[in-house]
Amino acid sequence: EGPSVDECVRMAVPHLERAGAGAIVSFGQGCEGEPTLRAEAMADVCRAVRKKTKKGTLHVNTNGSRPDVWEPLKAAGLDSCRVSLNAAEKSVYESYYRPTGYGWEQVAETVREAKRVGLFVSLNLLVFPGVSDSPAQATALIDFVAETRPDCLQTRNLCIDPAAYLGCLPESERHEEPMGMTNLLGELVRANPRLKIGNYNVPREQWKK
């Protein structure tokens, strides 16, 4: 069982009040399980925190498996979310993540729904040069960003044995000539000039900068 609402509030509020501009309270860090499995508790925490302070950013890192939770979380006071993915194409995403009880469709719908309800949405792209910037994956990602219009793309190295990763992917992904990550990021920004490129969660104070 996780921490109680009161325990979360007693940790979050002093931080948001004292940390100054850019303070963030985040649910989930990618190695602690999927936080939206406790979406109702998260909403309770957000409401309780916002009764005590309007400062800072309330954020969640997610695998994007639950597109139904974003409207109530936004209503409760959540500000932003970050959706992790290694690709924007179903076969490559699912070959690596091997999702149970959800699939790429739910991840894509999470991005759309989180944007629809007014959250600041980041994609957490786990980068593997030679795959992430292959022509097929680059096109899928560029098209996905153009369609869903996330606010930020964060890039992080996918720290995995190359042979193990390539071995789990469809055969078609192992022989394409990559375009280069610099070219991929440039194409992404050209397709969506508003897109921020970074590697950290963006506080509210920086959203329009």
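A residue is called buried under 20% relative accessible area, exposed over 50% and partly exposed in between, computed with a 1.4 Å probe on protein chains only. The model is predicted, so local features need pLDDT of at least 70 and side-chain atom pairs count only at pLDDT 80 or more, while totals for chains, interfaces and linings use all residues. Residues are numbered from 1 along each chain as its sequence is written, and side-chain values use heavy atoms, with hydrogens and water left out.

**Exercise 1. Describe the sheet, its edges and the helices that lie across it.**

Step 1. Helices (H or I, at least four residues) and strands (E, at least two) are taken as DSSP runs numbered from the N terminus, and two strands pair if DSSP finds at least two bridges between them. On this basis six strands form an open sheet in the order β1-β2-β3-β4-β5-β6, with parallel pairing.

Step 2. The edges are held by β1 (24–27) and β6 (196–198), each of which has a single partner strand, so one side of each is left without a neighbour in the sheet. From one strand to the next, the twist averages 25°.

Step 3. Between β2 and strand β3 (residues 80–85), which run parallel, there are four bridges; V60 has C81 as its bridge partner in β3.

Step 4. For the angles, axes are lines fitted to C-alpha atoms, for helices over the stretch in contact, and angles run from 0 to 180 degrees between N-to-C directions; contact itself means heavy atoms within 4.5 Å. Helix α1 lies across β1 and β2 and runs at about 150° to β1, whereas helix α8 (residues 181–191) lies across β4 (120–127), β5 and β6, at about 165° to β5.

**Exercise 2. Locate the salt bridges that link distant parts of the chain, and state how accessible their residues are.**

Step 1. With a salt bridge defined as a side-chain nitrogen of Lys or Arg within 4 Å of a carboxyl oxygen of Asp or Glu, the structure holds 14 of them.

Step 2. One of these joins the side chains of K55 and E17, at 3.8 Å from N to O. This pair links distant parts of the chain, since K55 is in the loop between α2 and β2 (57–62) and E17 in helix α1 (residues 5–18), 38 residues apart. K55 is partly exposed because its relative accessible area is 44%, and E17, at 34%, also counts as partly exposed.

Step 3. Another salt bridge joins E71 and R116, at 3.2 Å from N to O, and links helix α3 (residues 70–76) to helix α5 (residues 104–116) across 45 residues. E71 is partly exposed at 46%, while R116 is exposed at 53%. A network of salt bridges links E71, E113 and R116.

**Exercise 3. Identify the nonpolar cores and the surroundings of L78.**

Step 1. A nonpolar core is a set of buried Ala, Val, Leu, Ile, Met, Phe, Trp, Tyr and Cys residues joined through side-chain atoms within 4.5 Å. The largest has 49 residues, and W70 and L78 have the most contacts inside it.

Step 2. Apart from its neighbours within four places in sequence, L78 is in contact with F27, C46, L58, H59, V60, W70, L73 and L119. A second, separate core of eight residues includes A87, V92, L158 and Y165.
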